[in-house]
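Dear colleague,

Please find the structure below, handed over for your own work.

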Amino acid sequence: MAVGFAETRNGGHYNGRITLFVVLSCTMAAMGGVIFGYDIGISGGVTSMDSFLKKFFPDVYKNMKEDDKISNYCKFDSELLTSFTSSLYVAGFFASFVASWITKKFGRKPSILTGGAAFLTGAALGGAAFNIYMVIFGRVLLGVGVGFANQAVPLYLSEMAPPRHRGAINNGFQFSIGVGALSANLINFGTEKIKDGWGWRISLALAAVPASILTLGALFLPETPNSLIQRSKDYGEAELMLKRVRGTTNVQAELDDLIKASSVAKTMNDPFKKILQRKYRPQLAMAIAIPFFQQVTGINVIAFYAPVLFRAIGLGESASLLSAVVTGVVGTGSTFISMLIVDKLGRRVLFLVGGIQMLVSQVMVGGIMAAELGDHGGVSKGYAFLVLFLICVYVAGFGWSWGPLGWLVPSEIFPLEIRSAAQSITVAVSFLFTFMVAQTFLAMLCHLKSGIFFFFGGWVVLMTAFVYYLLPETKNLPIEQMDRVWREHWFWKRIVVEEGSIHKMETA
């Protein structure tokens, strides 16, 4: 059974269409995004709940409730609290490298399965925690799960998707992150109202629901044709899978490209060493720069600490959690819009428009907080809701640009021979700087105060210029022909073409 649009080999495309088989497989795999998003939303929500703070972070609770001399910007500045948030990303950083080896040697499916199982265990431990050590160890297991899932799922989606619709399908990963975060915000809003003070346990334990779906679903996921060819000399199984995935028997052109890419990949024993070669310089630059820029957009200010931030400007506990729900709805909706238009408008347009939108809203929020929010007291309700509106504008800009495209572009630009290693670098860089931002944000908020928004705004200017000058358009191009964009780019062609010329001279 097949639905959607046909793909032909005309102009670099292959035969095939979006099949129900692909839709179901990618939907199940994208649950890896739901577990990541759920954790982001839950960790930000429970750390604003009085009952959770009182049990595990009593010093923060005391500062918030009893100490009127502490600045609004410093009430949540706690090394232990930031360790709770950031421990997940340390674990994810190391797990992504292990996942790279498993993904290459055993396939994308085992990594997804491992990620789901680790996250499920971490969720159970967090929900049952009775001391801070159990809470943080549970976060570490969640990090292992997220590390495996984030390494394997974007690759899986890009390899299963037809080239013309790869952007929409891969953006489904960020959409799933948004769905997970929104679900967490709604759950936090409900559990905060439980009078006996154990609502945070429900919030943490319910992470087991998407983790169970991912773990069980991964048992039935098909392996991608790219991975089957990479790990076997018998291409018959891969050809049958490719026919099923594309909904046509005429897959020879795509199969030939996959076999050619696999032949190159099998000659390489150390992809991490290989990626340092000059001809892979553009891909290495993007593998590092894109996830780095994604984390210094300032989105973690909103994702991790939105309820905390809203409480800092004077909203109550319940109103802060509801505000986080609102931003979650906006983020998820804008990512859905991105899914619909990314393969029509292209990656660059969304990056540039989203960057300008984020910059303007960040500068305005920083200006309002500088003018209206002092070290003590709050802002008027009018200004509080204006800040909420501007943050929604910011979240929308991120939701159709750096949010989904930060995962899409790296997953589609790497040749097969370095793909697993390069994706693990992307994920590791993402976790490393997510950890650094999470670990330092509350201290930065305390010292920079409203200047924190101008700090991240400066990075948005830099990353928008980076995209404008150095990122080529990748829409609609088959994943195994992506080297073409670097040879035609005004800057990168100087590097990859010269490398090719040197290689030819050496072999002549």
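Which residues does Thr215 touch, not counting residues up to four places away in sequence? They are Leu113, Gly116 and Ala117, where contact means heavy atoms within 4.5 Å.

Please note that this is a predicted model, in which local features need pLDDT of at least 70 and side-chain atom pairs count only at pLDDT 80 or more, while totals for chains, interfaces and linings use all residues. Residues are numbered from 1 along each chain as its sequence is written, and side-chain values use heavy atoms, with hydrogens and water left out.

Thr215 is located in helix 10, residues 208-218. (Helices are DSSP runs of H or I with at least four residues, strands are runs of E with at least two, and both are numbered from the N terminus.) Thr215 counts as buried because its relative accessibility is 14%; buried means under 20% relative accessible area, exposed over 50%, and partly exposed in between, with a 1.4 Å probe and protein chains only. The side chain of Thr215 reaches two backbone atoms: the oxygen of Gly116 at 3.1 Å and the nitrogen of Ala117 at 3.2 Å.

The protein chain as a whole contains 25 helices and 2 strands. Of its 508 residues, 60% are buried. Among contacts between residues at least 6 apart in sequence, 81% join residues at least 24 apart.

The largest nonpolar core has 119 residues. Such a core is a set of buried Ala, Val, Leu, Ile, Met, Phe, Trp, Tyr and Cys residues joined through side-chain atoms within 4.5 Å. The members that touch the most other members are Phe52, Phe57, Ile112, Met286 and Trp402.

Lys449 has a positive phi of about 55° although it is not a glycine. Lys449 lies in the loop between helix 22 (416-448) and helix 23 (451-470), and it counts as partly exposed because its relative accessibility is 29%. Asn476, likewise not a glycine, has a positive phi near 70°. Asn476 is in the loop between helix 23 and helix 24 (483-487) and, at 22% relative accessibility, counts as partly exposed. Most residues other than glycine have a negative phi.

Yours sincerely

Notes
Polar contact = N/O pair within 3.5 Å; in protein donor to acceptor, adjacent residues only side chain to side chain.
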